[in-house]
Amino acid sequence: MRVRKLLAILLVLAAVAVAAPFVYWHAPGPSKEDMTVQIPQGATLGAAARLLEEKQVLRDATLFRRLSRYLGSSDPIRAGEFAIPAGASAARILDILQHGTPVQRLITIPEGMPSILVHEKLMAEPLLTGTTEVPVEGSVLPDSYSFERGETRAAVLKRMQDAMKATLGELWKARKKTTPVKSPREAIILASIVEKETGKPEERRMVAGVYANRLRIGMALQADPTVIYPVTKGKPLGRRIRQSELKADNGYNTYARAGLPQGPIANPGRESIAAVLDPEPTKALYFVADGTGGHIFADTLAEHQANVEKWYALRRARGEM
């Protein structure tokens, strides 16, 4: 009788010993809150386990590593920043490290941002690494881009530039015969001016239509942003434009000569590029601000001068002149 009891006890103990690893493997872990963990490039499973133990996500790094061989997948772990939910089991953690998607973060480039500010924004992002040069003006497509902690700035910039190449190629194929631009580069140049001239999306095609008309008849574009660009490289001027700057023939100033400037003055968005490739059919040759962020358009110089007087009167009433 005693032998039977002893055998029963031994069987129970054996069952517990066999079941213990499975219990540990699937039991809730020690973490009390959600957290993110950065797994370095080239880290082994053992190194990752020790890191997770230090952060109190795992109870026992050595046991985790050993059980992973027998109870987990043989797939390699990935580098990156991973979100680990509170109380995640060892089994769940291994699956996250092997098959989970690293945490994605966003960096946003607004429409019309000049390349010098794109560079500053990339360099100011603390979760990116490495350095990069100021991108060629007009080579970046404004948008929101995801990135992983520790990714290089050069890699993120390349995605921005690849997106511009793809978008420009797509839009160029769909261009209308009414566009005055003769190449994708000219499209970017004119789109950058349209982008800087209006803050209202619904005006883009109309502004593009005015500039299309001016280009066709050889009339100077007279776009203020092209005067400012060679002075600040796209940063805000912070003062009124000087007469000397309006007369400066520097390759960008569209008051000094007719035609397009020598290069883009910002990074235009998709809609501004589309606008210059399909400009609004119009006879208008002029436009001036209307005080609401938009513009009033005119076909003749007389109409335009009357609109300018209204704009000046509004500014005087506001105490701006």
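Colleague: Leaving aside neighbours within four places in sequence, which residues is M160 in contact with?

Modeller: Keep in mind that this is a predicted model. With those neighbours left out, M160 is in contact with I107, I109, V118, L122, S139, V140, L141 and Y145.

Colleague: And which residues touch the most other members of the largest nonpolar core?

Modeller: M160 again, along with L122, Y211, I273, V276 and L277; that core has 40 residues.

Colleague: Which element gives the largest share of it?

Modeller: Helix 6, with 7 residues. Among the others giving two or more are helix 5 (115-124), strand 4 (144-147) and helix 7 (184-197). Apart from this core there's another of 22 residues, with Y24, L52, V57 and A90 among them.

Colleague: Switching to rings: how many aromatic pairs are there?

Modeller: The count comes to 4 aromatic pairs. One of them is Y211 with F287, edge-to-face at 5.7 Å centre to centre and 75° between the planes. Y211 lies in helix 8 (residues 204-217) and F287 in strand 5 (residues 286-289), so the pair ties together parts 76 residues apart in sequence.

Colleague: Is Y211 buried or exposed?

Modeller: Buried, at 1% relative accessibility. F287 counts as buried too, at 16%, because the cut-off is under 20%. Ring pairs also link Y211, F287 and F297 into a cluster.

Colleague: What about Y229 and Y252, how are their planes set?

Modeller: Their planes are at 50° with the centres 5.0 Å apart, so that pair is tilted. Y229 sits in helix 9 (residues 224-232), and Y252 is in the loop between helix 10 and helix 11. Both tyrosines are buried.

Conventions:
Residues numbered from 1 in each chain as written. Predicted model: local features only at pLDDT ≥ 70, side-chain atom pairs only at ≥ 80, totals over all residues. Heavy atoms only, no water. Phe/Tyr/Trp six-rings, centres within 6.5 Å; stacked < 30°, edge-to-face > 60°. Helix = DSSP H or I, 4+ residues; strand = E, 2+ residues; numbered from the N terminus. Buried < 20%, exposed > 50% of the residue type's maximum accessible area, 1.4 Å probe, protein only. Core = buried A, V, L, I, M, F, W, Y, C linked by side-chain atoms within 4.5 Å. Contact = heavy atoms within 4.5 Å.
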